Amino acid sequence: MLDSPSTRRPSCLHVQGRRAVLLLLVALGLLAAPMAQAAEIRVLTSGAFKPVVAEVAARFAADTGTQVKLDNDTAGALVRRVNGGETFDVLILTPGALADLQKAGKVGAGAIAPLAKVGIGVAVKAGAPRPDISTSDAFKQTLLAAQRVAMIDPAAGGSSGIYLTRLFERWGIADAIRAKAVLVPGGLVATRLVSGEADIAIHQISEILAVPGADLVGPLPADIQNFTVYAGALAPAPADPQAAAAFLARLSGPDTTPILATKGMQPATP
């Protein structure tokens with residue numbers, strides 16, 4: 001017995017509905033291929049540049065969907081880690097360190113991009129009296145009068161710690177400072193002010209500004225100031241070459257200049 005029109009209609013509507021759903025899924029690309037995973041890149045950076053990278057990474061992720069996994073350390077420690085085989089997509093170090101790693105095949109053969117420079121500053125705990133650092137001699141007397149002086153341990157490879165140690169040796173006060181030094185193996189030196197372990201901290205300005213509860217007194221006097229330049233390079237074989245290159249381009253682009261200023265840094269080139 002043939003089906004009546006009234007019994008065939010639901011079947012036709014059901015088929016048409018399934019066809020419409022299939023067309024919609026095809027249009028959305030859900031049947032053509034699995035949904036693409038969001039890209040992720042790994043960035044290794046020297047500590048002083050971390051505040052800049054963190055802010056740029058958040059904006060980059062919002063704009064592109066690419067997540068940035070960030071890790072920081074002292075310059076010397078990063079060189080050791082990369083030489084030891086640690087993987088990354090973008091590496092931020094001093095130009096000289098990147099050039100050496102590039103010669104060893106640990107960094108990609110492309111151009112090393114200059115990113116920023118930062119000077120050394122002096123900090124005290126928020127609300128504490130601000131010492132005189134207006135001249136080199138005033139800074140020296142402030143150090144000698146301080147009870148505890150926090151700085152990066154030069155043995156850890158921090159550029160400011162290495163420079164300061166040489167400066168104190170040149171001034172002939174290395175032994176006096178060594179007796180009162182709070183040597184920090186890495187991270188934010190000014191946290192030792194907040195904890196009460198030191199009454200003076202000397203570190204890269206960008207890392208001082210990153211510590212709530214620490215006040216930047218000011219930069220070192222111009223005649224003894226030391227700027228560290230930071231640059232970026234890609235890995236020899238980034239996991240996602242396009243995303244890694246785009247992030248490095250963002251770091252070196254004009255949109256990052258206002259961020260540098262808020263973090264106590266300057267463009268690497270005029």
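Reply: Let's start at Ile202: setting aside residues up to four places away in sequence, Ile202 touches Ile120, Gly121, Phe139, Leu143, Val149, Ala150, Met151, Leu164, Phe168, Val189 and Leu220 (contact means heavy atoms within 4.5 Å). Before going on, keep in mind that this is a predicted model, so local features need pLDDT of at least 70 and side-chain atom pairs count only at pLDDT 80 or more, while totals for chains, interfaces and linings use all residues. Numbering runs from 1 along each chain as its sequence is written, and side-chain values use heavy atoms, with hydrogens and water left out.

Back to Ile202, which is found in strand E8 (strands, E, of at least two residues and helices, H or I, of at least four are DSSP runs numbered from the N terminus). With 0% relative accessibility, Ile202 counts as buried (under 20% relative accessible area with a 1.4 Å probe, protein chains only; exposed is over 50%, and partly exposed is in between). Val122 is 80 residues away from Ile202 in sequence, but their C-alpha atoms are 4.7 Å apart in space.

Now the sheet around it. E8 belongs to an open sheet of five strands in the order E7-E6-E8-E5-E9, with mixed pairing (two strands pair if DSSP finds at least two bridges between them). Strand E7 (181–184) and strand E9 (214–219) sit at the edges with a single partner strand each, so one side of each has no neighbour in the sheet. On average, neighbouring strands here are turned by 30° against each other, direction ignored. Strand E6 (residues 149–152) pairs with strand E8 (residues 200–204) in the parallel sense, over two bridges. Within that pairing, Val149 stands opposite Ile200 in E8.

Two helices lie across these strands. Helix H5 (residues 136–145) lies across strand E5 (120–125), E6 and E8, running at about 130° to E8 (axes are lines fitted to C-alpha atoms, for helices over the stretch in contact, and angles run from 0 to 180 degrees between N-to-C directions). Helix H6 (residues 159–171) also lies across E5, E6 and E8, at about 125° to E6.

Stepping back, the chain has eleven helices and eleven strands. Of its 270 residues, 42% count as buried. Residues 24 or more positions apart make up 77% of the contacts in the chain with a separation of 6 or more.

The chain has another sheet too: six strands in an open arrangement, E2-E1-E3-E10-E4-E11, again with mixed pairing. Its edge strands are E2 and strand E11 (266–267), and each pairs on one side only. E1 and E2 pair in the parallel sense over seven bridges, and Ile41 stands opposite Val68 in E2. Helix H3 (residues 75–83) lies across E1, E2 and E3 at about 135° to E1. H2 also lies across E1, E2 and E3, running at about 175° to E2.

As for cores, the largest nonpolar core has 26 residues, of which Val43, Phe49, Ile92, Phe247, Leu251 and Met265 touch the most other members (a core is a set of buried Ala, Val, Leu, Ile, Met, Phe, Trp, Tyr and Cys residues joined through side-chain atoms within 4.5 Å). At least two residues of this core come from each of strand E1 (40–46), helix H2 (50–64), strand E3 (90–93), strand E4 (113–118), helix H10 (241–251) and helix H11 (257–262). A second, separate core has 22 residues, including Val122, Phe139, Val149 and Tyr163. Two of those names, Phe139 and Val149, are among the residues that Ile202 touches.

One last stop is Thr256, in the loop between H10 and H11. Thr256 counts as buried, at 2% relative accessibility. Leaving out residues up to four places away in sequence, Thr256 touches Val52, Val56, Arg250 and Leu251. A polar atom of the Thr256 side chain lies 2.7 Å from the backbone oxygen of Arg250.

Note on methods
A polar contact is a pair of N or O atoms within 3.5 Å; within protein, one must be able to donate a hydrogen and the other to accept it, and residues adjacent in sequence count only if both atoms are side-chain atoms.
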